[in-house]
Amino acid sequence: MKKILAIALAAVMAASLAACSSSSSAPAATTAAAATTAAATEAPKTEAPATEAAKTEAPATEAAKTEAPATEAPKTEASAEKPAAKYDSSKITTITPGKLTLATSPDFAPYEFYAIDKDGTPHLAGFDMSLAQYIADYLGLELEVIPMDFDGTIMELTQKNVDMSMAGYSITEERKEVMDFSIVYYGGAQSFVTVESKKDLFPDLAAANKADLTIGAQVGSIQAGLAHDNCPDADIIEMAKVTDLIAELVTGKMDGAFIETAVAESYQKNYPELHIVCDVPFDSEGSAAGISKGNEELVKGVNAAIEECISSGQFDQFVEEAKALAEGEIIEGLIEE
Ligand code: ARG
């Protein structure tokens, strides 16, 4: 863990240096490389200090984490017992014994985002986070969530600095080379998004492929691939966070962006000026957890947990809760900004 935290600290500094150049256009490879180094642990200021991984909130029905930083919301069920594991996880090995270390990129409501508590404290929320807690409880492991930029989640998982990533991952052949995947837990669809005032520019997706248009996507995401494939002539801008793309769209600096449909619909609730132009074809089964390559026992355990979570109807409830929470007060973009 120490290693990741040190990297994260350095990255926070790199990220602040790189912040003002984030919207400049650059070839995909260069942008991806630059942003990967800038992948930062962006814990909210009022929450955990940068050197400490943020903890996920346990779902209301489960035990509250006992290690919450002092500035976090008061513990409501601190004395509750840790739920008994339902799975014999004795064969499962994780980076830190007894812990499930997980990367996420909380710019992706309703999958993962920072919701603001009644007392004004931001905390990690979203159905990926609820499912992550469910998996950890099922396996009898303590969950540790490390928030970072999306391409950072891929890098940390590839380098086996975390056991798992849950960040609305789409399964791709390229990613299968460097990580394993759980079963799919949520169907994904892709959209091309603009703002109401520009919707006439886009009678269809083909209209987005023009040299004078600025089209965005998240660094390291399959959407970046979609942008390059569908709009080779456009000025493609890759940004570290989906929330940055939303900000660029609503302030008129960007003409369109490729965004996961569920995410576009979620941010549309908070920014009604966002307009979903059309569905973008993408050949993928949906979202799955990324798991450290070769950790077969962990894959088995995670799949058993996900299966139970889905078949019991619990996962649907997580999705509903996350959607409702994402409509409330949430943190947009970088908390440090
Ligand atoms: N599903 C897309 C992908 O796997 C985007 C995921 C982005 N996730 C996030 N938390 N920002 O590439």
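## A walk through the predicted model

Start by selecting strand E8, helix H6 (residues 222–230) and E9, which together make a right-handed β-α-β unit. Right-handed here means that, with the strands pointing away from you, the path from the first strand over the helix to the second runs clockwise. Helices (H or I, at least four residues) and strands (E, at least two) are DSSP runs, numbered from the N terminus.

Before going on, a word on the model. It is predicted: local features need pLDDT of at least 70, side-chain atom pairs count only at pLDDT 80 or more, and totals for chains, interfaces and linings use all residues. Residues are numbered from 1 along each chain as its sequence is written.

**The strand pair.** Strand E8 (residues 214–218) runs parallel to E9, and the two pair over 5 bridges; pairing requires that DSSP find at least two bridges. Select Ile-215 and you will find Ile-236 of E9 opposite. Now show E9 (residues 235–239): 4 of its 5 residues are buried, so this strand is largely enclosed by the rest of the structure. Buried means 20 or more other C-beta atoms within 10 Å of the residue's own, exposed 12 or fewer, and partly exposed in between, with C-beta atoms placed from the backbone.

**The ligand.** Next, centre on the ligand, with 17 residues around it, the closest being Ser-105, Phe-108, Ala-167, Ser-170 and Ser-221. The cut-off is a C-beta atom, placed from the backbone, within 6 Å. Strand E5 (164–170) and H6 each supply at least two shell residues, and E5 gives the largest share, 4 residues.

**Helix H8.** Move to residues 261–270, where Ala-262, Val-263, Ala-264, Ser-266 and Tyr-267 are buried. Show their partners too: the buried residues of H8 pack against strands E7 (190–195), E10 (256–260) and E11 (274–280), and against helices H7 (242–250) and H10 (314–327).

**Ser-130.** Select this residue in helix H3 (residues 127–139). Ser-130 counts as buried because it has 25 C-beta neighbours inside 10 Å.

**Zoom out.** The protein has 10 helices and 12 strands, and 48% of its 337 residues are buried. Finally, colour by pLDDT, the predictor's confidence in each residue, from 0 to 100. The mean is 81, with 72% of residues at 70 or more. Over residues 1–79 the pLDDT is below 50. Where pLDDT is low, the predicted coordinates should not be read in detail.

How values were computed. Contact = placed C-beta atoms within 7 Å.
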